Amino acid sequence: MDSSHPATIMSERVSFSTEEQLSELFGSYKAEWLKERLFDYFTTPDYLPELMTSRPCVLVGGRGTGKTTVLRGLSYEGQFALSGSKADKIRESRFYGLYLRVNTNRVMAFTGPEVEHSTWVKLFGHYVNLLLCDLVLKFLDWYKIYTNADFDLDWSLCRDISNSLQIDSSDSILELSTHLNSARLKFEAYINNVADGNRPPISMQGAPIDALFDAIGQASEFAGKTFFFLVDEYENFEDYQQQVLNTLVKHAGNNYTFKIGVRELGWRVRSTLNANEQLISPADYVRINIVEKLQGDTFKRFASSVCNARLARLDVPGLAVIRSIEEALPGMSEEEEAVVLGVNELATEIKSGVAHVLAPNVLHVVNQLTPLQLWVLRFWADSQKVSIEDVLVDYAASPESWAERFNNYKHASLYRIRRRKRGIRKYYAGFDVFCQLAAGNIRYLIELVDQSLLRHLRDQHPLSAPVTPESQTTAAQNVGKKNLSELEGLSVHGAQLTKLVLGLGRVFQVMAAQPEGHAPEVNQFHLTDDGQQKSSDVPVEVDNLLKAAVMHLALIRFPANKLADEGETRDYDYLIHPVFSAFFVFSYRKKRKMLLSANDLLGLVKSPQEYIPRILAKQHRSNDEELPEQVLLFEAYYGRRSR
Amino acid sequence: MGAVRDEPVLTIETNISAFIPEPGSSYLFGTSVEERSAHSAEWESRAAGVHFIRLTDQQGAFFSVEMMGQQRKVLLRSREQLVQFWKDIPSDVVYFDITGLSHHIWAPLLRVGVSLKPRIIGVYVEPGDYRPSLTPTEGEIFDLSERILGIAPLPGFASLAESTDEDVCFVPLLGFEGTRFAYVMEHVQPPGGKTVPIIGVPGFRIEYPFYTYHGNRAPLTESRAWRNVRFARANCPFSVFYALQDIAATYPRDTLKIAPIGTKPHALGAVLYAMATLKPVELVYDHPIRKATRTAGTSRLLLYQLSALPLAGSRA
């Protein structure tokens with residue numbers, strides 16, 4: 001058709017605008033990118049009610065698990081938006097949340113050798129007082145504007161607050177705000193020249209906050225209301241700064257509390273400024289681990305709601321659109337996938353190879369087998385180093401005893417069907433599979449959906465048709481690659497994390513492609529003793545590497561036994577994040593582990609070309625395995641050349 | 001690309017062999033691991049009557065310098081010590097060579113110096129070449145940084161003013177290292193559509209802007225910030241200064257969060273802007289540790305008439 005034909009133009013226009021919409025709906029997967037639309041897409045997670053109580057809460061979750069979205073949703077601006085921006089709902093709210101993202105660039109100003117540690121503690125405590133009081137005063141200002149309320153805090157209480165804050169005497173909310181702002185500027189100038197001394201008067205830790213909330217508690221407007229300080233990215237605080245905040249959490253007044261958002265392992269210090277006083281769950285706070293709360297079907301339900309709410313907003317005039325993400329992203333059973341991967345040819349080869357040697361009764365049983373079952377039997381024969389004929393005879397004698405073996409090995413056997421072949425070697429398709437790749441991380445899930453739908457559109461498929469397994473797999477590979485390349489920019493350990501994932505990814509890829517005679521689906525590791533008697537003996541370098549890897553989602557850790565103490569490195573098993581599995585081609589399922597030493601881990605980072613073959617040799621695997629096509633761009637890193 | 005502005009040209013291009021500081025002036029400099037930061041004895045001998053002051057040690061919180069026959073340590077977060085240091089420089093005209101000085105050293109020095117000396121002339125020597133990475137990956141074409149220390153304010157430029165996250169415009173001054181852009185962006189978390197990168201055009205060399213795009217491709221694409229890119233001459237702080245003024249005018253309600261992670265002249269422009277503006281601004285810097293062999297040779301020498309700018313902001 002002529003490209004200037006009206007129908008073509010229309011179709012291109014529609015497709016372009018659909019792609020734009022998809023980008024808006026699924027491409028803006030970071031909370032900060034959504035701006036005011038954040039609340040339009042808000043989906044209530046199951047754990048939200050636990051956060052809405054008046055108890056301190058610590059919300060633990062990696063980057064992209066939805067901490068910011070939830071905490072912003074609890075803020076007064078968020079609650080207002082979620083109520084449909086109805087002013088009359090403001091007064092009805094049981095709580096008011098004050099959102100604060102910890103800004104590294106600010107809190108790092110309170111470090112350095114110029115003053116004693118104890119002075120930094122006092123200075124930082126004063127800064128926190130200014131910061132939190134400012135948040136409250138801004139809220140009061142907002143509240144007055146939006147509710148048209150004509151109230152002020154008692155003037156004598158305002159004076160108490162200003163005295164406590166060590167700012168100019170103030171008689172009203174407005175004066176408190178003005179004087180606090182000018183005190184902050186003076187304090188900023190002081191911090192910028194902190195070595196000169198001339199310290200301005202500073203407030204006592206927490207005292208002005210208590211004074212302010214005492215005054216608020218006496219205002220009829222806020223009788224019975226609770227205020228939440230929603231402190232996001234707690235990991236950005238220095239250790240002593242966490243102690244300062246911990247102290248506030250521990251001793252918060254009656255009408256305010258803290259809801260803390262932090263990455264796993266980001267809450268490094270649990271004590272208050274009194275080293276003997278620890279914050280303990282559940283006595284002092286409620287710990288909510290997002291990934292633990294959103295496991296399995298719970299995450300699937302949540303993810304489905306998030307995606308379907310966005311799909312419902314797709315507006316493609318005159319064209320049908322699948323509105324269910326489960327239907328849009330169909331999966332395949334292992335049997336179906338094996339067929340697509342080419343198992344039929346292999347099964348035919350096996351059959352023709354044994355047809356002339358097997359007894360007719362055995363052959364009859366063999367002919368009843370599915371191609372994948374036959375391939376698993378071949379796999380078993382290779383593993384046990386026995387002939388396929390012997391295995392088939394054994395199977396024919398007692399097929400029921402093989403049921404469990406089929407179940408255990410059919411997934412692992414998929415990885416060798418297209419071994420050493422070009423193109424897709426294993427499919428990663430289906431909403432269920434995507435949920436497992438995301439491992440409780442809603443941002444990863446949305447990225448996977450976004451990339452799948454975009455690829456689908458770019459391949460000229462309509463949104464009324466489901467996305468093919470090929471498109472889903474390619475999207476999953478791309479998302480893995482993108483997140484691998486992003487690791488480097490996430491932290492000061494970024495380069496090491498990228499190398500760790502490249503090393504582990506290669507090891508698990510080879511192990512998946514050469515599964516014969518080994519435990520299937522290995523994608524985890526546990527640190528071996530290496531002669532150390534306890535986990536505190538793990539070299540600091542390795543300990544830091546593993547902690548950074550967990551914090552930035554290169555690895556997922558889980559207790560190796562139920563008695564594991566949080567923070568002990570060796571007592572955990574580590575799973576390479578499943579989001580990387582499609583890129584490297586290994587199993588996304590949480591299955592089996594191998595042992596690695598601290599030296600192995602460091603070697604993967606520092607000398608990958610030496611340590612990858614060494615680790616594989618210990619596992620009786622050969623490093624000759626070809627790299628999957630999508631990994632070829634790292635062949636120089638692996639010291640390999642294309643064949 | 002913005003229109004050509006009617007602003008004074010305060011950058012002069014020359015080369016090392018042609019450049020001789022004025023007699024009676026002082027020449028403040030430091031040496032780094034890079035060849036281009038070092039002066040030859042022969043060059044210094046040609047600059048008769050010039051008082052050379054070398055910063056001998058650059059630490060996180062202070063620098064050391066030999067003045068009046070004495071070794072002195074100057075704290076970077078001490079206005080009093082910085083003022084005394086400038087007062088002890090025995091000339092009204094000071095050449096301030098930032099080539100071999102780290103950002104965290106020259107920025108606080110400049111903050112104090114501009115109000116004390118009638119004429120400060122910035123000096124910068126371009127590298128002859130950057131060292132290519134042996135195993136280049138996306139975002140790492142050149143082998144420039146050993147590692148980064150992390151986000152922390154430049155001494156004297158800490159800002160404690162809180163802005164709401166939505167009222168932020170993020171302005172990364174891009175270099176070749178895309179991972180640094182990604183890292184800073186991860187910390188700033190700018191709102192969608194409000195990242196306005198500045199790329200050095202023309203670059204030190206004609207092909208450098210393409211390397212900049214290539215190195216930063218992933219974060220530029222992901223954040224869609226490629227749509228907002230602006231350009232400023234890579235070796236001219238004033239071009240960046242004016243570009244920042246334009247961006248501030250485009251986003252009048254926003255705090256500018258400027259990441260000076262590109263060329264040193266661009267970083268100088270960002271610091272000058274932070275000193276000059278009365279609008280809310282925050283410098284966000286990641287403190288890289290430079291690789292010893294990151295550059296080779298020398299190219300053009302640039303002179304910047306720093307005192308010609310009105311630097312009346314709260315940070316000056």
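Biologist: Let's start with chain B: how many helices and strands does its secondary structure come to?

Modeller: Helices and strands here are DSSP runs numbered from the N terminus, H or I over at least four residues for helices and E over at least two for strands. Chain B comes to eight helices and 17 strands. Keep in mind that this is a predicted model, where local features need pLDDT of at least 70, side-chain atom pairs count only at pLDDT 80 or more, and totals for chains, interfaces and linings use all residues. Residues are numbered from 1 along each chain as its sequence is written, with chains lettered from A and ligands numbered from 1 in the order in which they are written.

Biologist: And what percentage of chain B counts as buried?

Modeller: Buried means 20 or more other C-beta atoms within 10 Å of a residue's own, exposed means 12 or fewer, and partly exposed is in between, with C-beta atoms placed from the backbone. In chain B, 49% of the 316 residues are buried. For chain A, the figure is 46% of 643 residues.

Biologist: How do I read the contacts within each chain?

Modeller: Two residues are in contact if their C-beta atoms, placed from the backbone, lie within 7 Å. Take contacts between residues at least 6 apart in sequence: in chain B, 83% of them join residues at least 24 apart, and for chain A that share is 77%. Chain A, by the way, has 30 helices and nine strands, and its C-alpha trace spans about 100 × 70 × 45 Å along the principal axes.

Biologist: How many residues does each chain bring to the contact between A and B?

Modeller: Chain B brings 36 residues and chain A brings 35. On the chain B side, α2 (79-87), β10 (145-148) and α4 (178-188) each supply at least two residues. The largest share, five residues, comes from α4(B). Sorted by class, that side of chain B has 16 nonpolar, ten polar and ten charged residues (Ala, Val, Leu, Ile, Met, Phe, Trp, Tyr, Cys and Pro are nonpolar, Asp, Glu, Lys and Arg charged, the others, Gly among them, polar).

Biologist: Where do the domains of chain B fall?

Modeller: Domain bounds come from an automatic or database assignment. For chain B it gives domain 1 (11-129 + 297-308) and domain 2 (131-291). Their C-alpha centres lie 24 Å apart, and each domain gives 19 residues to the contact between them. On the domain 1 side, α3(B) provides the largest share, six residues.

Biologist: Why is β14 of chain B largely enclosed by the rest of the structure?

Modeller: Strand β14 (residues 255-260) is largely enclosed because six of its six residues are buried. In a regular strand the side chains alternate between the two faces of the sheet. Here Thr255(B), Lys257(B) and Ala259(B) point one way, Leu256(B), Ile258(B) and Pro260(B) the other, and all are buried.

Biologist: Which strand does β14(B) join by six bridges, and which by three?

Modeller: Strands pair if DSSP finds at least two bridges between them. Six bridges link β14(B) to β11 (residues 168-174), running parallel, and Cys169(B) stands opposite Leu256(B) there. Three bridges link β14(B) to β15 (residues 281-283), also parallel, with Lys257(B) opposite Glu282(B). Between β14(B) and β15(B) the chain crosses through helix α8 (residues 264-276), a right-handed β-α-β crossover: with the strands pointing away from the viewer, the path from the first strand over the helix to the second runs clockwise.
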